[in-house]
Amino acid sequence: MTIPTDLAARCAADGEMRIATRHWTGGIRLVIDDEVVGVSFVEGEPRDEIPAAGDGVIELSGPMDVWGPLLSAVPPPFLNDVAVAAGLGLRVPTDDLLWWQYLPAVARLVELLRPPAELPSRAARPSAPGTWDAPTGGYVHVELDGLDHRIYVEQAGRGIPMLLQHTAGSHGSQWRHLMERTELTDQFRLIAYDLPFHGKSVPPEGREWWAETYRLTGEFLRQVPLAVSAALELDRPVFMGCSVGGLLALDLAYHHPDEFRAVISLEGALKIEGNIDSLTGFWHPEVSNETKARMMDGLMSPTSPIALRRETTQVYAAGWPPAFLGDLHYYLVDFDLRKDAHEIDTDRVGVHILSGEYDYSGTVTLGREAHEAIPGSTFTEMAGVGHFPMSEHPDVLVEHLGPVLESIRNAS
């Protein structure tokens with residue numbers, strides 16, 4: 001593998017990189033076996049010199065068998081992003097505030113080192129001025145933990161109702177592409193809602209939430225789709241969720257099997273291992289929301305259309321800062337169905353699990369383990385997508401959803 005030597009020129013010519021390095025005086029050192037390359041920055045301006053190790057400099061080091069795949073045109077799963085590769089032999093700074101602050105710049109530099117690749121693109125689909133998209137939105141009031149909550153809901157389609165739960169730290173706009181697919185909306189009434197504190201669902205009046213540490217629990221989260229379903233007078237809706245929503249799908253199948261005709265768990269598992277206390281950069285006063293957004297890019301497939309990947313990350317950058325870390329309390333700490341999954345009765349509620357090839361969090365292995373633990377469930381591995389199939393590459397998700405939705409229609 002030949003390492004490009006024109007790093008400074010590539011950085012100077014790249015708009016995304018210039019934004020990521022703003023105000024930075026320091027640099028990036030890459031140690032690839034015995035070869036050292038890098039670029040320096042002075043107030044964000046790239047300089048054609050390898051920085052010495054020290055203050056303000058981020059150094060990544062590792063063997064060629066890690067760097068080779070990481071710098072290939074189309075990296076394989078789990079070696080597609082520097083933050084992921086850190087667990088596979090790439091040495092990165094640990095517990096270093098600078099790493100969290102400039103992770104977007106490091107990740108972009110790695111992308112600039114890759115050779116060009118022919119990747120699928122998604123042509124823009126312009127609409128005439130004045131055209132309305134399919135979803136219609138509004139607010140419904142529900143009671144959660146004894147407090148009135150004003151929940152934002154978007155809907156499209158007709159037929160079997162299907163509640164859609166977004167991922168941690170995000171909101172219901174992740175489902176917008178599915179709402180434009182008539183092969184779905186001709187048969188299903190898609191209903192996406194924003195969790196409290198997310199998107200357009202503002203916090204409730206009646207308690208001093210601003211003086212509390214936000215922590216999402218299963219006891220609270222399970223109330224939300226039940227309350228929305230009751231408020232909209234839905235008849236045993238289908239529930240589909242991704243990530244946190246994917247775990248919630250299985251949680252609902254266990255705790256409330258008679259309230260739903262089926263659940264669809266995207267990127268689900270029985271337990272996600274992780275140390276929430278190590279996620280300093282997820283809510284640190286000196287780390288921008290850009291870092292959380294860039295980390296989500298590493299969860300997606302490099303073959304997903306870049307415009308949709310960047311749209312997915314923009315939603316994260318726009319979120320209330322404590323929401324993501326607070327949601328991960330449910331994802332990493334609170335949720336655990338390993339002892340109970342075998343009790344889920346798929347004669348009462350259908351269970352369908354779909355896992356993306358590039359998802360290093362809710363992995364294919366974890367999805368398959370959940371399937372094997374739940375008698376009568378179905379499992380699908382989705383090649384070419386990662387943690388956010390509905391927003392990063394909806395065409396792939398719709399293809400795999402086809403047989404699942406057909407089985408739900410037949411059962412209904």
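Reader: What makes helix H5 and helix H10 a packed pair, and at what angle do they sit?

Author: Helix H5 (residues 97-113) and helix H10 (residues 289-297) pack at about 35 degrees, with axes 8 Å apart. The axes are lines fitted to C-alpha atoms over the stretch in contact, and angles run from 0 to 180 degrees between N-to-C directions. The helices themselves are DSSP runs (H or I, at least four residues), numbered from the N terminus. This is a predicted model, where local features need pLDDT of at least 70, side-chain atom pairs count only at pLDDT 80 or more, and totals for chains, interfaces and linings use all residues. Residues are numbered from 1 along each chain as its sequence is written, and side-chain values use heavy atoms, leaving out hydrogens and water.

Reader: Which residues of H5 and H10 meet?

Author: On H5, Trp100, Gln101, Leu103, Pro104, Ala107, Arg108 and Glu111 meet Glu290, Thr291, Arg294, Met295 and Asp297 of H10. Contact here means heavy atoms within 4.5 Å. These residues split into 5 nonpolar, 2 polar and 5 charged.

Reader: Why is Ser301 called buried?

Author: Buried means under 20% relative accessible area, exposed over 50%, and partly exposed in between (1.4 Å probe, protein chains only). Ser301 has 0% relative accessibility, so Ser301 counts as buried. Ser301 lies in the loop between H10 and helix H11 (306-317), and its contacts include Arg309, Tyr358 and Glu392.

Reader: How do you know that Ser301 makes a polar contact with Thr303?

Author: A polar contact is a pair of N or O atoms within 3.5 Å; within protein, one must be able to donate a hydrogen and the other to accept it, and residues adjacent in sequence count only if both atoms are side-chain atoms. The side chains of Ser301 and Thr303 make such a contact at 2.6 Å.

Reader: What makes Glu406 partly exposed?

Author: Its relative accessibility is 34%, so Glu406 counts as partly exposed. Glu406 sits in helix H15 (residues 394-411), and its side chain has a polar contact of 2.4 Å with that of Arg409.

Reader: Which residues touch the most other members of the largest nonpolar core?

Author: Leu60, Val82, Leu90, Tyr193, Phe239 and Leu328 do, out of 97 residues. H5 gives the largest share, 12 residues. A nonpolar core is a set of buried Ala, Val, Leu, Ile, Met, Phe, Trp, Tyr and Cys residues joined through side-chain atoms within 4.5 Å.

Definitions and conventions
Helix = DSSP H or I, 4+ residues; strand = E, 2+ residues; numbered from the N terminus. Nonpolar A, V, L, I, M, F, W, Y, C, P; charged D, E, K, R; others polar. Lists of a residue's contacts leave out its neighbours within four places in sequence.
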